[in-house]
Amino acid sequence: MNAIVNNNAAGLLGRAEALARPAWAAETRAAGMAALRAHGLPTRRAEAFKYTDLAPVAQASFGEHAPIGARGLPMPSLPLTRGAARLVFVDGVLRGDLSSLPPRPLSDAQALLSGLTSLTTQPIAAMNAALFEDGLFLDVPEGEDAGLVELVSVVTGARGAIGFHPRHVLRLGKRAKLTLLDTSDGAAGLAYMHNPVFEISLDEGAELAHVRIQREGRAAFHLSSVHCAIAAGATYDNFTLNAGGRLARNEIHAALNGPKAMCHMNGAQLVGDGQHADTTTVLHHAAPDCGSRQTYKTVLTGKSRGVFQGKILVSKPAQRTDGYQMNQALLLSEEAEMDSKPQLEIYADDVKCSHGATVGALDPAQLFYLRSRGIPHEAARSMLVEAFLTEATEGVGDEACRAALSEAVTAWWAQARA
Amino acid sequence: MLRIEGLTAEIDGKPILKGIDLEVPSGELHAIMGPNGSGKSTLSYVLSGRDGYEITGGSVTFNGIDLLAMEPEERAAAGVFLAFQYPVELPGVGNANFLRTALNAQRRHRGESELDAMQFLKLARARMKELSMPEDMLKRGVNVGFSGGEKKRNEVLQMALLSPQLAILDETDSGLDIDALKIVAEGVNALRSPEFSALIITHYQRLLDYIVPDRVHVLMAGRIVKSGGPELALELEASGYASVAA
């Protein structure tokens, strides 16, 4: 299990030393740095990274993160606004002038930091801990419905191939509600790194719908992790569209800590020529009477690789757990590869837990059926691919988010088949 | 309209059709009857262009055009329709979207204007009413969760909307109760005109009580061994296929 210490991580460490730091943040960063120093970035010898090789990340060098003067501020083209409240990061820097959500000082986050991440077992989160700066800090008070908040990250390339490590911290009080639409876009051909970490805690009965649209530039590295603690009766609903980047890994670590908590983790991976997309979920049923649903769909074209690793851990107290996991991949090219690793670890005895995985090409019988009705071959293929993905996105409840997802999927497919 | 001459075809090197000769003039309905394994479904798939069948000889022309040289979608646009024995389920593809896409693809191919959503819905609702289909079938995934009878009715709905010149009905009667059978038959009879022909492939005579064919052909072991009028179907029902073979 021991990862090899990777000398190249030292480049990241030097940068961490140089960051300005409030005292408390310095502690977190120092711990992150120590972890990075001790373990480096994991190699494929680490079980959790068996299918995803971070060597290209370790070998790349990412530019300085020093803020640029107001004079040089780029005006990016931002995704369509879906709601009123929005926080915008451009080239890794929080842009108050483009945001409608008042930025809160980093120090506010201290109270919210929940210590959900593990520096020893989660190297991506450890890298973020060593280097983190601004992020979204939201504390939704008890009983409040905060509506839709947008978190936008755009990399324009104005500051070159940067590496940035935002840490987003959210807490929802009892019965509080929030929909978070989180989009990452970036310039094509630029080998930057975006390494966001979300620390989320949901109090009793809180509901968070978290929709993520990852469409970084095709040369970028996107390494993200979500860490979510779910109290009794609360619901965390994550949908992640993993479409951009040369190498993308989305980790979701969720813990159902109180009775009758729910977790939905759904997503689609759209993987084109030269791309590697990895979704890794770790779901811990720690309390009785909780439910979890996971459905992931991956479409692969060209020479590409998709990975799904999904672990469900059901602890002894988690009686009457109702868990479901489904992972389906559609291979549209002979050179595409999909690796699936479902993993169930169950210690409770009264549990309903199922999982399934399918990998295959388009069904010739379905294609023929459409063509026999006069629909040309290419259009028939498109209908079936879109149908495959629609099954994943149609479960997203928020209309604005569903529309954003549907646009992203359509745009990807239009480009992929061109 | 349809002319088949000396057609031979095989699957994985195994000959299935061993020299079919058949002509279906405009305006006529012909039934093809035969026992299991005689090549009935293979004939319907070869005519509609499904992959996996090696044509080893003969020819098929449709209005004088070489049908076998066309892609499945071209055959459909030219006016050939296959009602599937086992209609395929398409999860995630809405029935209305599917029907409209198919109809407009064919209209576009023929240089006709496409129907917008409203025009299409009006047309579809009228046809569905004729076939006693509940309107919510438009909203559901294509054939997903449909009963056997609903699937067959959905085939006939597609046929009604696409109004082909030649319909091939591959055991459309299988799995239907008598009421559904009548509805399906009415759907086919409604299309009858001097410009419409059909090839009705069936195992049993039952469907032919409701769709009376002009001609009946008996297919056995890849060949048409006997042809006759509608009375031939009744003979077969009474004495079985073995008597024809003898």
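**Ground rules**

I number residues from 1 along each chain as its sequence is written, and chains are lettered from A and ligands numbered from 1 in the order in which they are written. Since the model is predicted, I keep in mind that local features need pLDDT of at least 70 and that side-chain atom pairs count only at pLDDT 80 or more, while totals for chains, interfaces and linings use all residues.

**Entry 1: chain A as a whole**

I looked up the secondary structure of chain A and found eight helices and 20 strands, where helices (H or I, at least four residues) and strands (E, at least two) are DSSP runs numbered from the N terminus. Of its 418 residues, 54% count as buried; a residue is buried if 20 or more other C-beta atoms lie within 10 Å of its own, exposed if 12 or fewer, and partly exposed in between, with C-beta atoms placed from the backbone. I also noted that, among the contacts in chain A with a separation of 6 or more, 83% come from residues 24 or more positions apart; two residues are in contact if their C-beta atoms, placed from the backbone, lie within 7 Å.

**Entry 2**

Strands of a sheet pair through backbone hydrogen bonds, either parallel or antiparallel. S10(A) pairs in the parallel sense with strand S7(A), residues 177-186, over nine bridges, and two strands are taken to pair if DSSP finds at least two bridges between them. On S10(A), A:Arg212 stands opposite A:Asp182. S10(A) also pairs in the parallel sense with strand S12(A), residues 235-242, over eight bridges, and there A:Leu208 has A:Tyr236 of S12(A) as its bridge partner.

I then asked how many residues of strand S15(A), residues 276-285, are buried. The count is 10 of its 10 residues, and both faces are covered, with A:His276 and A:Asp278 among the buried residues on one side and A:Ala277 and A:Thr279 among those on the other. S15(A) runs parallel to strand S13(A), residues 247-256, over 10 bridges, with A:Ala254 partnered by A:Leu283 in S15(A). Another 10 bridges join S15(A) to strand S17(A), residues 305-314, again in parallel, and here A:Thr280 has A:Gln309 of S17(A) as its partner.

**Entry 3: two helices of chain A**

Two packed helices are described by the angle between their axes and the distance between the axes. I found that H7(A), residues 377-393, and H8(A), residues 399-416, pack at about 150° with axes 11 Å apart; axes are lines fitted to C-alpha atoms, for helices over the stretch in contact, and angles run from 0 to 180 degrees between N-to-C directions. H7(A) and H8(A) are therefore roughly antiparallel to each other. Among the residues making this contact are A:Val385 and A:Leu389 of H7(A) and A:Leu405 and A:Trp413 of H8(A).

**Entry 4: where chain A touches chain B**

I looked up the contact between the chains, which takes 18 residues from chain A and 20 residues from chain B. On the side of chain A that touches chain B, helix H6(A), residues 364-371, and H7(A) each supply at least two residues, and H7(A) gives the most, with seven.

**Entry 5: chain B**

I found an open sheet of four strands in the order S2-S1-S4-S5, with antiparallel pairing. Strands S2(B), 14-24, and S5(B), 65-66, stand at the edges with a single partner strand each, so one side of each is left without a neighbour in the sheet. Strand S1(B), residues 2-11, pairs with strand S4(B), residues 54-62, in the antiparallel sense over seven bridges, and B:Leu2 has B:Phe62 of S4(B) as its bridge partner. Helix H1(B), residues 40-48, lies across S1, S2 and S4 of chain B and runs at about 70° to S2(B).

Last, I checked helices H5(B), residues 148-162, and H6(B), residues 178-191, whose axes come within 10 Å and cross at roughly 10°. H5(B) and H6(B) are therefore roughly parallel to each other, given that angles under 35 degrees count as roughly parallel, over 145 as roughly antiparallel, 65 to 115 as roughly perpendicular and the rest as oblique.
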